[in-house]
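Student: I would like to go through this structure with you and ask, for each label, what the label rests on.
Tutor: Then let us look at the structure and take the terms in turn.

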Amino acid sequence: MKGIIFTHFFEMVETEFGDETVEILIDSTETSTKGVYTSAGNYPPQDIFNLVTSLSQISQLPQAALYRHFGKYLFAGLYSNYSIFPPKALKNSFSFLDSLNDYIHSDVYKLYPDAELPHFSTQYRDEQKMVLVYQSNRRMSDLAFGLIEGCLAHFGEKASIEVEFLKEDGSEVLFTIKLNSGEN
Amino acid sequence: MDEITLLKRKLEREKQARKDAERLLEEKALQLYFANEKLRELNTGLEKQLALKSSALKTHQDRYQGLVENAEDIIFWITPDGFFTQINPIAARIFDKEISTLVGSHYLELVHPDYLERVQGMYQRQIERRIPTTYLEFPVIGPNGQSIWLGQRITLIFKEGKLVELAGLARNITHRVNAEQKLSLLNTRFKALLENMQAGILVEDENQKVILANQKFSEIFDIFLNYNNLTNKNAHELMRAIEGQWLEKGALTELINPDSPQKEVIQKELRLNTGQILLLNFIPIYQDQKWLGKLWYFEDITDRKNSEIRIRRSEEKYRGIMENMELGLLEVDKAGMVTRAYQRFCAMSGYTEEELLNQDATQLLLPVEYQEMMERQNKTRKSGQPGVYEVELITKGGKRKWVLISGAPFYDESGDFIGSIGIHYDLTEFKKLQYELEEARHEAENARDAEKDFLANMSHEVRNPINTIVGMTYLLLDTELTAEQRRYLQNIKYTSDILLALVSDILDITKITQGKMELELRELNLGELINVNAQAMAFRIKEKGIHFDIYVDRLLNTRVMGDSTFLNQILLNILGNAAKFTEKGSISIHAQCLNKTKDTLRAKIIITDTGIGIADDKLPLIFERFNQAGKATKHKYGGTGLGLNIAKKLVELHNAELNVQSTEGKGTVFSFEIDFNLVHRSETGLSQTAGPKIASRLHALNVLVVEDNVLNQEYIERVLERLHIRFRTANNGKEALKILETDRFDLILMDIRMPEMDGYETTIRLRNMHHNPNSQVPIVALTASALLDEKEKALNTGMNYHLTKPFTPDQIEKVIAQAMENRVEPLVVPPDVHTLWHPELNAEEIEEMFAGDVEHFQVIIGIFNRTIPEDFATLELAMKERDWESARGLAHKLKPSFQMVGLGYMTSNIQDFEQALELGTDQVLIQQLFYVFAQNVHKALHITVQQEDYFRQTI
């Protein structure tokens, strides 16, 4: 897993739970680097699962909520760090999400050939509704949920998101995004 | 945890993270370096590969270009809107245009106008529907506007989903298309031919299956099936099915026997039950020794057969006619070779037909002198003109035969001249007859000429002596005579009068018939004249014991203008006739004045006799010359038989008619009515009784008598002596002119016909002797006949009066007195106009030509005499050689020469001659005309040579 995910995760913990929570989290969680992450590095994904599990115990907040929140946070961070990637033409969330696989991730791969990225494919799209399929062996659909929310927020859009597990283990999840008309 | 601990831990992690990041960066930089190195290597490889690929591409392109340029098909690229962007050289060759011209041009410019729409539509559709490749055949316009057929494949070329151009491949398929069209045309024609053939056709294959039949076949055999439905039927079964229609059963059995197939073409005439005649052509079909089937060809030749029979019959008929005619027929082809000789011609020529066939008819049968003429004939014939001509044929035996040939061209059915037929009629007998007739005619003409000469001689040889007798008798009667002498003398006078009358009759009738008689009007007492004549006959009539009644109306006793000579003759002839033919009974003359005005009177004279009369049927004949009413009459009554004829002519000369009424055995009545002009002058003129009164006035005269006849001299001299007139006598013109040079005369009595110099010439010469005192002396012409032209000529040459022989002393006295009383300026005729030339020359023509220039005329005559004989000899030669064309030219050339010398009238014949020569067909006519022409030339030369001699002597 890319180091940037961890640096943004610790930034979020530092911002939302304070420096002491960060030290506690590092001390209480078994990680490959004892809490040392650089954005250019690559780290085992188990580290993040362990960290989120530990944070859930510390903060007494459900893991899903933590993932969703982190997702939102992550979108804004990634977008500002890597704004060169998404084509300028992308003017709304649907076109952004639609271009994830073909444009954004393909560019990410060029820069980080060892990156393991989730796969998003558009199943349906019109003005008001979009159906996305999330595929990843990491089963981090909650993070994906949060990222979608972050995307909507970025474009200033509001939508209702329905989640449907296409596989029980969560490796394949269907997102149905319906824009809240009238508010746009 | 305190703040410092937190910061230390955080710092420791940050340091650690920085080291990790630096390590990562180091790794990345190395990675980058190696990647870069690898990239550089890759780049170098790429350039090499590019060069390699480029070279390969170039080779490929060159090959491709070569292929395009050397292709036998037109290869081109064209923009979607139809403009050529690239085209290979073959196109340039095919269209005979520069490639640079073709590139940029629009393809439709090349398409044949008739196919524009089709071609354009095709490619529009291809583009609209995006059909990758199409194929189309159409003609384009090649050099000189000829059509070139192309088979064209067009492929659309797209780039990024867009049509950018079209690639074309076109092959010249003109030969194929032409071949196809020809084949198609041939097929159509063949079909049409078959359909329209007047013969029934059936073609079967080697399995006897009908593969083709036409309408006519079905018609001929009355087959119900449509001819198209005969296809695939068994031909032999079909033949067997129509077997019953043949008149001769089994006619075709042999031909449909499968065991022994016919290999030869067979032609056969077959008859159908219906009477039709068919001509069968049975043709086995082979190709490279392989038998492929048979063709049956049935032609209905019924009409042809029938007409052949008709023609044969007709030919036999005409042949029969021709053979039975006296005409020999000979047919020759265009080259003149005998193609057929009919029996009669063979008999005529002595050859058999076999001997004549394929011989040159002209060479074999015609004498050399006719061959050229015949060739000309043949030429004329080719132009379609028939001709008739007489030639001699040489028979096989070498004898010559005269034949009349009528040659006519004949033509084949397309109107081309293919030969001639000559119809020969044997003229040998006819020619003989013609020759004999010609001889007889010649003799008759000679006899007639002799008669003419005789009559002419009578004039001079007989009349002159009689004249003398009569004259002398008059002189003698003036002397002292006993009663007995006087009676004898009266008898001499009477008989010589009769003799003179006889001769005069003969001469007069000649003159009258020649139309040369004219009335010579003088004053006379009509009643007296009738009385004198009646009295003259009274003696003869009364002598026969016949009663003679004379009645003359007193009103007729007046002076009128009339010709006493003719009136005397009329009365004497009719009265003489009456006296001659009346034996008993009476004769009467009844003269009556019918009408008398201030200026004219009309007298009717009726002479009646009780003679033998004339039969009705003879009545019209009595006025004919030498024709008395029957030979018996002539024998019994004698005489010339001219009397009534002369009387009739003389009455007619008075614009009157001599009527005759007669009953045979009872008698005859002659009557006529004549108008006279009255004379009002008192008796100052000369009368028959005035002689003695004027005689005294003539005493002092000196007269020259020019007369060659001694007896006439004697007579005239005695008369002049009696009138106490002085005279001198000259024997001819020359002597006279000599005397006239020395002596002076008051009058000349001039005979016309004299030796040395005649009266005309003497007169002209004298009149032109301007210094001679005698040049104006009055001249009296003494003419031998009353011929008008002689008298006229005499006056025209400058003589003043004339006396017709015989003349009485009174007449001499009278004319002398007249000459002395009415002195007139004599006519002076310049010698160069009239008399200098031969009387046969046309004076007017000469005058017109030379306007009095005698010397010029003399020169021309000389030239004429020297050139004409030569020219004529050339003409004769041309005639001998039968060169009509040259002859015509020569004759034409001769013509104007005759006009020049005043003999133009002789050339009237030349025109006919020229025309005949131009046609060149009528040989007989040509020869006749040439004969006449030759006579004229000889005559003309005779005259002109005389004329030239004459010129030489006198000028």
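**Labels and their grounds**

Tutor: In this predicted model, chain B has 955 residues, of which 27% are buried.

Student: Why is B:Glu206 called exposed?
Tutor: A residue counts as exposed if 12 or fewer other C-beta atoms lie within 10 Å of its own, and B:Glu206 has 12 such neighbours, so the label exposed applies. This residue is found in the loop between β6 (199-205) and β7 (210-213) of chain B.

Student: Which residues is B:Glu206 in contact with, if its neighbours within four places in sequence are left aside?
Tutor: They are B:Trp291, B:Leu292 and B:Gly293, and the criterion for each is that the two C-beta atoms, placed from the backbone, lie within 7 Å.

Student: What makes β6(B) and β10 of chain B a pair?
Tutor: Pairing requires at least two bridges between the strands, and 7 bridges join β6(B) to β10 (residues 290-300), the two running antiparallel; therefore they are paired by that definition. In one of these bridges, B:Ile201 has B:Tyr297 of β10(B) as its partner.

Student: What is the order of the strands in the open sheet of chain B?
Tutor: The 5 strands follow the order β7-β6-β10-β9-β8, with antiparallel pairing.

Student: Why do β7 and β8 (266-271) of chain B stand at the edges?
Tutor: Each has a single partner strand, so one side of each is left without a neighbour in the sheet. Neighbouring strands of this sheet are turned by 20° against each other on average, direction ignored.

How values were computed
Residues numbered from 1 in each chain as written. Chains lettered and ligands numbered in written order. Predicted model: local features only at pLDDT ≥ 70, side-chain atom pairs only at ≥ 80, totals over all residues. Helix = DSSP H or I, 4+ residues; strand = E, 2+ residues; numbered from the N terminus. Buried ≥ 20, exposed ≤ 12 C-beta atoms within 10 Å, placed from the backbone. Axes fitted to C-alpha atoms, helices over the stretch in contact; angles between N-to-C directions.
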